[in-house]
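Please look over the sequence and the model before reading on.

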Amino acid sequence: MVAEVIINRGAKKLNRTFDYNIPKELEELILVGSKVLVPFGNGGKLTEAFVVGIKETSTFEVKDIAKLEENLSNKQIALAKWMAKRYFCNVSDCIKLMLTPGTRNKNKEKRIQDKTINCVYLKKDREEIEFEIEIGKLKSEKQKRVLSFIKDNEGATVPEIEMFTDCARGIVNTLVKNGYLEIVEKKVERNPLLGRDCEKTDKLKLTEEQEIAYKSVEETIDKEEYKQFLLYGVTGSGKTEVYLQLIEKVLTIGKNAIVLVPEISLTPQMLDRFISRFGKEEIAILHSKLSIGERHDEWERIREKKARIVIGARSAIFAPIENIGIIIIDEEHDSSYKSETNPRYHAKEIAKVLAKENQAPLVLGSATPDMTTFYNATNEDEFGNTKIKLLTLTKRANQSLLPKVEIIDLKQELANGNRSMLSMELYNSIEENLKQKRQTILFLNRRGYSTFIMCRNCGYTVKCPNCNISMTYHSYERKLKCHYCGHEENVVTICPECHSDKIRYFGTGTQKLEQEIHKQFPEASTIRMDIDTVTKKNSHEHILNTFKNENIDILIGTQMVVKGHHFPNVTLVGVIAADSSLNIDDYRANERTFQILTQVAGRAGRENLPGKVVIQTYNPDNFSIICAQKQNYDLFYETEIALREQLKYPPFCDIILIGLNSYQEAEIKNVSSKIYQYLEKRLNKEEFKVLRPMPCPIDKIQNRYRWRIIIKGKMTEEANEILNVCLKEIYQENIKDTRIAIDINPNNMS
């Protein structure tokens, strides 16, 4: 028998099958979906590969497969092939998402609990590493093996790397010395739910609206049929209780469940609700903050059918769970469900494929649904049917009222002489809250101290030498940092252009806000939560627990503070600069502004205490801000959908972004032009509009020039095929450096 295999390499030229003979002793063991080692290339060194087909003979003279490592199912291989075509990537890239983190090893070391260990992370950009491997700068197979492992398993320990790659510690040390890897000390537990004991709780009595929603989905579960539902409910309306009772129903009939939540929403409170209802033995959790060892063990528990409920972020949709009875995606509008790196998949699309395959319901939940989701739930076809069934929760489950929301015009504050970050209304509200011993959340979606530094004499701004973007000032470290490539510099005090000392800080960040609060309310206790304060394992959980249990007066943070948290004593939420998400180069700017303001407002007054939200803005008349004030999604949707239809944006078309980057400016212009001309000739001009190649808004990152081609039109099988063929033909030309990525409806247009 002969196996058709895909080599586990990133090069586009290797995205095809190679034939290998299956040795007699492995004929019963090797299946479609097996991960194997094969001799590949002139040196005959063993290379990882995936079996995607089996046939009786080959027309070539073939070598033997050397070793069997792991098996995937036929369904997983079929999904990987579908994904590769849909998302314009190699089949091997998709298969890797479905493999056990690390590799099975029966002699793996004993679990180490509560131990500070050294964990290994990539120091260089992933694409740069892949390019250096491709051009032969990195020749050591062992170094390549270690880097490949770390790309999939950042945070692995040195013993885990040795165990799973069969490479010595010296290989890691060499890669650290050469700047490819860095070693960071952190605290790791192999069992992510260790020590998390919750008192058993019973299901709550559902409200009338919750009961209607529950019954609708239950009927589909009983019929064992696929159907999509949108559970659209205001913040605090009890969506989670509906999820819990639907999962209980699924478990009673012997089936399993997947629950996806945004990474940022995997809070202790949320996990505790599931554990207290089902017990931690039934639950496996999967997300990026777990160590490689934890992810490996959770994956094995799922495979061995020891866990029946998988809770996790985006990649948990690939967990090896069988007999799925329901898939739930909470906060379905969240952008983190869309991968921004290769493969550029959307978890909702994968969930839809799996739900259809298992004849199970797919439940999407949100207080502020994605525009396309809501369009598909409300727009009827000629037979009066919608693609998604709409289920609505209009009232908070505990009968608490939605918070009072006030909009403050910052232009008027300036006219009144107030140059503080806090309007008088917000200042007075914080002062009153402190007197009442109530808690406050202040939201500012920008980390650091100042957005940029500029010379007021000549206008010089400090920009990153590698990226064409202003550097951000971080006051605690007195450093300038680039949030794109990580470059750091000392603070500039004298202008390098005109030698003036008139260097000033512009814009505001969470660090600056924290200083301002300390200055204006010296008696108040504060805690800050942004990407700079949650770098260590469990720091996210520690900050939230400290805020809640120690009754800290004020929590200051970025969007991490707005998702899924329930703090009974929080009665005031202040939005410092509502305009930050409006001023972005993206057709979804209004939608994202409305969503984040509505989510942050939902943190106030969730119990019996009345809540108040103060939104500060320079654009008080913007309709997304006014709709957020009214907590009125329907009004926002009607206004925004009319604009989208007029301008031909999703859901009335797809946005296809072809992104290119290269160290060579002449080559990237040439390749961009060739792609544009190819697509202009082949895509139907009535259905697609291909915009001319242009530099990206951020036209240089990490010294690589960036260009883009934008296509507007409904993605079809025919268009997908044209784009795949275009990519294949372009890569067959003599391209020395340019990398190309095609993304459908990307989150980031810059």
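The model is predicted: local features need pLDDT of at least 70, side-chain atom pairs count only at pLDDT 80 or more, and totals for chains, interfaces and linings use all residues. Residues are numbered from 1 along each chain as its sequence is written, and side-chain values use heavy atoms, with hydrogens and water left out.

**Overall form**

- The protein chain contains 21 helices and 31 strands; these are DSSP runs numbered from the N terminus, helices being H or I of at least four residues and strands E of at least two.
- Its radius of gyration is 27 Å, close to the 27 Å given by the globule rule for 750 residues, so the chain is as compact as a globular protein of that length. The radius is taken over C-alpha atoms, and the rule is 2.2 Å times the number of residues to the power 0.38.
- Along the principal axes, the C-alpha atoms fill a box of roughly 85 × 70 × 60 Å.
- Of the 750 residues, 54% are buried (under 20% relative accessible area; exposed is over 50% and partly exposed is in between, with a 1.4 Å probe and protein chains only).
- Among contacts (heavy atoms within 4.5 Å) with a separation of 6 or more, 75% join residues 24 or more positions apart.

**Nonpolar cores**

- A nonpolar core is a set of buried Ala, Val, Leu, Ile, Met, Phe, Trp, Tyr and Cys residues joined through side-chain atoms within 4.5 Å.
- In the largest core, of 117 residues, Ile247 and Ile326 touch the most other members. Helix α8 (residues 239–252) gives the most to this core, with 7 residues.
- Leaving aside residues up to four places away in sequence, Ile247 touches Ala257, Val259, Phe274, Phe278, Ile309, Ile326 and Ile328.
- Another core, of 27 residues, lies apart from it and includes Ile675, Leu683, Ile730 and Tyr731.

**Backbone features**

- Asn342 and Pro343 are joined by a cis peptide bond, with omega about -5°; Pro343 is in the loop between β13 (324–330) and α11 (347–358).
- The peptide bond from Pro650 to Pro651 is also cis, with omega near 15°, and Pro651 is in the loop between α19 (633–647) and β27 (654–662).
- Asn323, in the loop between β12 (309–312) and β13, has a positive phi near 50° and is partly exposed at 40% relative accessible area.
- Asn745, in the segment after β31 (739–744), has a positive phi of about 50° and is partly exposed at 24%.
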